Amino acid sequence: MDKKSFNDLLKQADLGKKELAGLLGTSGATVNNWGSSGRAIPYWVESWLALYIENKNIKEIKQMIQDSGLCKK
């Protein structure tokens, strides 16, 4: 994954690099350096962000259904 794809996924996830670092238990500087200065973005980051985005979308859909009263908790 290149830096542009990484930044695009972060935007889709509505996450900043500092927030991502907190979720991953690493420093903001580490995440900020990914994709620059010869530091590759770890291979697992793309799939992790894709699952994060999917989970976020599912939670939003679930909340909309609950709010509509169409289903019980």
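**Close-up views of the predicted model**

**View 1. Lys17 in helix α2.** K17 is found in helix α2, which spans residues 17-24 (helices are DSSP runs of H or I with at least four residues, numbered from the N terminus). The model is predicted: local features need pLDDT of at least 70 and side-chain atom pairs count only at pLDDT 80 or more, whereas totals for chains, interfaces and linings use all residues. Residues are numbered from 1 along each chain as its sequence is written, and side-chain values use heavy atoms, with hydrogens and water left out. K17 is buried (under 20% relative accessible area, 1.4 Å probe, protein chains only). K17 has no salt bridge (a side-chain nitrogen of Lys or Arg within 4 Å of a carboxyl oxygen of Asp or Glu); D8, the nearest side chain of opposite charge, is 11 Å away (Lys and Arg count as positive, Asp and Glu as negative; His and the chain ends are not counted).

**View 2. The largest nonpolar core.** This core has 13 residues, of which F6, L20, W34 and L49 touch the most other members (a nonpolar core is a set of buried Ala, Val, Leu, Ile, Met, Phe, Trp, Tyr and Cys residues joined through side-chain atoms within 4.5 Å). Two or more residues each come from α1 (3-13), α2 and α4 (45-68).

**View 3. The W34 and W44 pair.** The structure holds 3 aromatic pairs (ring centres of Phe, Tyr and Trp, the latter by its six-membered ring, within 6.5 Å; planes under 30 degrees apart are stacked, over 60 edge-to-face, the rest tilted). W34 and W44 pair edge-to-face, at 6.2 Å centre to centre and 90° between the planes. W34 is buried, at 7% relative accessible area.

How values were computed. Buried < 20%, exposed > 50% of the residue type's maximum accessible area, 1.4 Å probe, protein only.
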